[in-house]
Amino acid sequence: MNNAAIVTGASSGIGLEISRVLLRLGYEVFGIGRNFVIESEEERFHKIVCDVLDTEKLCDIVKKIAAQNRVLVLVNNAGTAYYGLHEELNAKKIQQMVRTNLEVPMILTCRLLRELKKNRGYVINISSVTANGTNPHGCAYGATKAGLSSFSHSLFDEARKYGVKVVTISPDMTKTSLYRNADFWEGDEEGSYLMPEEVAGAVEYVLSQREGLIISDITLKPQIHRIKRK
């Protein structure tokens, strides 16, 4: 069987760059996303069009992947964010963040955990620095990422004795489309944001460690904190 990796939110941004790293490392990569805009990629990059909120379909997909491949890496990367005063949100936006950022990673991990135990694989959760502090302009988003980080840390202790490596990567502001629903963008200076390939580099660093050593948490920050209002 081929060594395989599953990446959610793989159609652009951080997820696409992580997929490219995994391809370079020799994995058969199954990238899940809604809108793939890239045309040419390696044959080992299998683009799977699926809304991650359709969890029944999503679970069917990963079941088939696991039946035909040796799944070694699960990257829970798909995320969505709405910012602003909390009373300006609505139930649909809150549900979308909770389901995408927290429910889906928990369900996917549950579905694949036995496989990952058998293969002594990795669960890599792309969280956020917002998980570790207060977020007065995005408290619902921060709460979902805090939940993801808490899940990740607890799962690390639950699964480590089975050889599963659970990793939490927490980037600060990154130059992606995550802020399309916000009233701000990243700053103009290069030192005010991360690039998606830099977050992907953290994944490569995690996967390059010797068996028996786990980098369980990585926080990535730009040198300066600055945003640009829309």
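**Figure A. Around L58: setting aside residues up to four places away in sequence, L58 touches I32, C50, V52, V104 and L108.** Contact here means heavy atoms within 4.5 Å. The model is predicted, so local features need pLDDT of at least 70 and side-chain atom pairs count only at pLDDT 80 or more, while totals for chains, interfaces and linings use all residues. Residues are numbered from 1 along each chain as its sequence is written, and side-chain values use heavy atoms, with hydrogens and water left out. L58 sits in helix α2, which covers residues 55-68. Helices (H or I, at least four residues) and strands (E, at least two) are DSSP runs, numbered from the N terminus. Is L58 buried or exposed? With 1% relative accessibility, L58 counts as buried; buried means under 20% relative accessible area, exposed over 50%, and partly exposed in between (1.4 Å probe, protein chains only). L58 and F30 are 28 residues apart along the chain, and 12 Å separates their C-alpha atoms.

**Figure B. Helix α2 packs against helix α3 at an angle of about 30°, with the axes 11 Å apart.** Two packed helices are described by the angle between their axes and the distance between the axes. The axes are lines fitted to C-alpha atoms, for helices over the stretch in contact, and angles run from 0 to 180 degrees between N-to-C directions. α2 and α3 are therefore roughly parallel to each other; angles under 35 degrees count as roughly parallel, over 145 as roughly antiparallel, 65 to 115 as roughly perpendicular and the rest as oblique. Their crossing is right-handed, the name used if the near helix is turned clockwise from the far one by less than a right angle (anticlockwise is left-handed). Look for T55, L58, C59, V62, K63 and A66 on the α2 side, meeting R99, E103, V104, I107, L108, R111, L112 and E115 of α3. This contact of α2 with α3 has eight nonpolar, one polar and five charged residues. Ala, Val, Leu, Ile, Met, Phe, Trp, Tyr, Cys and Pro count as nonpolar, Asp, Glu, Lys and Arg as charged, and the others, Gly among them, as polar.

**Figure C. Helices α3 and α4 cross at roughly 15°, and their axes come within 7 Å.** Helix α4 is made of residues 139-159. The two helices, α3 and α4, are therefore roughly parallel to each other, and they cross in a right-handed way. From α3 come M97, V98, N101, L102, P105, M106, T109 and L113, and from α4 come A140, Y141, T144, K145, G147, L148, F151, L155 and E158. Sorted by class, the residues in the contact of α3 with α4 are 11 nonpolar, four polar and two charged.

**Figure D. N101 is a buried residue, with a relative accessible area of 0%.** N101 belongs to helix α3, residues 91-119.

**Figure E. Helix α1 crosses helix α5 at roughly 40°, the axes coming within 8 Å.** α1 spans residues 13-24 and α5 spans residues 196-207. That angle makes α1 oblique to α5. G13, I14, E17, I18, V21, L22 and R24 of α1 make the contact with P196, E197, V199, A200, V203, E204 and L207 of α5. In this contact of α1 with α5 there are nine nonpolar, one polar and four charged residues.

**Figure F. S192 lies in the loop between β7 (184-186) and α5.** S192 is buried, at 1% relative accessibility. Its side chain reaches the backbone oxygen of E189 at 2.6 Å. Beyond its neighbours within four places in sequence, S192 is in contact with M173, G187, P222, I224 and R226. M173 is found in the loop between β6 (165-171) and β7, and M173 is buried as well, with a relative accessible area of 9%.

How values were computed:
Polar contact = N/O pair within 3.5 Å; in protein donor to acceptor, adjacent residues only side chain to side chain.
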